[in-house]
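Here is a short briefing on how parts of one protein chain meet. The notes after the structure are grouped by topic.

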Amino acid sequence: MALVDGFSHLVIQVTDLDRSEQFYQEVLGLDSVGRDLVNENGPNALLKTNTGQMVLLVQVPEVEPFRPNSNSIHHAWLLTVEQYRRAQERMKAFGYSIEDSREEFRAMGERSMDIYDPDGHRYQIQAHGPEATKIIRPSAGKVSCGKMDDFEVGSVTPFHQEMFFLVRLNEGFLALSSWCTHRNGRLKWEKEHWRFYCPFS
Ligand code: FES
């Protein structure tokens, strides 16, 4: 494994330096270091995060188009829960959506929202709370699942509230926990793939 001390900087192409510099300062909360400090082909602005990483904005006539409907090209910022809460307030005040469109796929304690800069660069703002690593012990008790004949042999029925899957076998029933204990989240039953799937792995 290569050893590094940390992440140094990120270079972002923008089409309007003034507009983008304002966005990175006001909305993302970065500090301005200065203009044209770096030998790049084009006007540039250097900003830094409170942890010392740099973001260099370089003005170009046209930015590389990001791939629509793709999750693969983006950058993510990891904040503390308190910083995340403050970022939500700030972004909301600027009229940005602070909803998490993929909330159902998040592990417990994982917070995330997406935001786009003026050129369409996507940023994921994330925070992991202490709940993410809390050990949650399964509880025990009786659950009324309905009549035996309601379940076909081979069926897998999720009980969301109670957090288990009821599996009907030839020989009887199995109750399997639907809770991922690595990341504290709910597994899914994917009938078409004949598998239990963990979206957090
Ligand atoms: S992360 Fe969910 S099963 Fe391992």
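Taken over C-alpha atoms, the centres of domain 2 and domain 3 lie 31 Å apart. Their contact draws seven residues from domain 2 and five residues from domain 3. The model is predicted.

**Domain layout**
- The domain assignment of the protein places domain 1 at 9-61.
- Domain 2 covers 73-132, and domain 3 covers 148-197.

**Buried area between domain 2 and domain 3**
- The two domains bury about 460 Å² between them.
- Carbon and sulfur atoms carry 44% of that area.
- On the domain 2 side, the most area is lost to domain 3 by Ala107, Met108 and Ala132.
- Together, Ala107, Met108 and Ala132 account for 58% of what the domain 2 side buries.

- What is the make-up, by class, of the domain 2 side that touches domain 3? That side has four nonpolar and three charged residues, with no polar ones.

**Cysteines**
- The disulfide count comes to zero.
- Is cysteine 180 buried or exposed? Cysteine 180 has 6% relative accessibility, so it counts as buried, the cut-off being under 20%.
- Cysteine 198 has a relative accessible area of 13%. Cysteine 198 therefore also falls under the 20% cut-off and is buried.

Methods:
Residues numbered from 1 in each chain as written. Predicted model: local features only at pLDDT ≥ 70, side-chain atom pairs only at ≥ 80, totals over all residues. Heavy atoms only, no water. Domains from an automatic or database assignment. Contact = heavy atoms within 4.5 Å. Buried area = accessible area lost by both parts, 1.4 Å probe. Nonpolar A, V, L, I, M, F, W, Y, C, P; charged D, E, K, R; others polar. Disulfide = S-S within 2.5 Å. Buried < 20%, exposed > 50% of the residue type's maximum accessible area, 1.4 Å probe, protein only.
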